[in-house]
Amino acid sequence: MPHARLATPAEHASATREVRAQYASLPQDAPVRLAKRTSNLFRPRAAAVGPGLDVGAFDRAIDVDPVSLTARVQGMTTYEHLVEATLAQGCTPLVVPQLKTITLGGAVTGLGIESTSFRNGLPHESVLEAEVLTGDGEVVTATPDGEHADLFRSFPNSYGSLGYALSLTIEVERVHPYVALRHVPFHDLSAVTDAIAAIMRERRWDGEPVDFLDGVVFSRDEAYLTLGRWADSLDEHPDGPGTRPSDYTGQQVFYRSLQQRERDLLTVRDYLWRWDTDWFWCSRAFGAQHPLVRRLWPKSRLRSDVYWKIVAFENRHKVMARLDERRGRPARERVVQDVEIPLSRTAEFLDWFLREVPVEPLWLCPVQLRPDPLRGGEAPVTGSSPWPLYPMEVGTPYVNVGFWSTVPILPGRRDGDTNRAIEDQVHELGGHKSLYSDAYYDEETFAALYGGADYALVKKRYDPRGRLPSLYDKAVRAR
């Protein structure tokens, strides 16, 4: 069981002093990089030069207050550890990204999303205060309306190019013991987006409340929306009162259950991590969904970070790529992306994608910014964008479309062509692409899409010597 021991304020203060001293001692002529053992990034990075910044001491919650519904959390705390700390107090973060080893700081500075995002927005919108080690080695406290409000607004989607979160004070919400699910089938993409629009507007479907909303497109004519609501008792289990909640941490595969049963019930913990066990559906690439392999694979190793290490090994050593080459198979392009498309254009994007890109299934996660994303500051008007580095508009519903696979590089094509086509289509439809994976934008286009003018001002203020790689260097040049 993951630990839930809190860090004391004294321990946090000591760790802060030590990391500042460590930062000051790093070579001034080499880019600063974190010394992390795990990552959820899918873009390759150039080899690090010199020692990295060790932030391993910042991996715990400091305080969880179930009365004020706030928590102060160290920036490198994984959501696995954060959830354990908050559930112990009957609470959970407003948005819990799908994978256990995503860190709170990573979800804020690199964005995160989940099935509560249709009502709670993105993780950075629940941040009340951020303690940041900036690129110039100072530790500042950024709030929506304080001296460092510019950093507060520009920190989301900055990917460590402005600084690192040492602690974050966030909002949390109360939980119930269980989540009751309803998997609603659709056979038309426009019908899916029409249903999403109705649920985002009403937060109900067929007279039932909807507290959680996401979906899966298996093919052009087979899609499901999963509608979740809080439940207080096993008596609400669809298989009868007292039936044990479903368990998708072992032999059963969650995404397959969407096709197999109309209703389900999970504990809140198992619901939050329902996608982690099989890395959505990506574990099938490693054989982990084959019944025989599944029985032999240790349950404790059915985790996204285990699969990620396998992928990282392949990226370094190209074992499967060399085998495919010997077998005469074409090289493959990685197509691992999440994109935000305005809801009004989502069916159009899905139609294009399913026609042009041989990747299925697709994940759907509706999202809209909270109406008051800068609590304590002046609320932005509808149509404006309070977060310059990822300028989604207030009042506009979006759908995150996630797809994670590879495609063959056909004769006459080059590696990256499929991703470039996706970038063009997302831009044409008024959407944005997350930056955790491969990106191919030129500098001018990138600046226009990701708040270049605002970013330049904040970068100059908080990292005047350029000790941290720029956002473009990280996202496109993979530095």
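Reader: What should I know about the model before I read its features?

Author: This is a predicted model, in which local features need pLDDT of at least 70 and side-chain atom pairs count only at pLDDT 80 or more, while totals for chains, interfaces and linings use all residues. Residues are numbered from 1 along each chain as its sequence is written, and side-chain values use heavy atoms, with hydrogens and water left out.

Reader: How many residues of strand β4 are buried?

Author: Buried means under 20% relative accessible area, exposed over 50%, and partly exposed in between, with a 1.4 Å probe and protein chains only; strands are DSSP runs of E with at least two residues, helices runs of H or I with at least four, numbered from the N terminus. In β4 (residues 127-134), six of the eight residues are buried, so the strand is largely enclosed by the rest of the structure.

Reader: Which strand pairs with β4 over seven bridges?

Author: Two strands pair if DSSP finds at least two bridges between them. The partner is β6 (residues 163-174), antiparallel to β4, and G163 of β6 is the bridge partner of T134. Four bridges also join β4 to β5 (residues 139-142), again antiparallel, with T141 of β5 as the bridge partner of E131. Four residues lie between the strands of the β4 and β5 hairpin, where G137 takes a positive phi near 85°.

Reader: Where does D54 lie, and which residues does D54 touch?

Author: D54 belongs to the loop between α1 (9-25) and β1 (61-65), and at 48% relative accessibility D54 counts as partly exposed. Contact means heavy atoms within 4.5 Å; not counting residues up to four places away in sequence, D54 touches V19, Q22 and A35.
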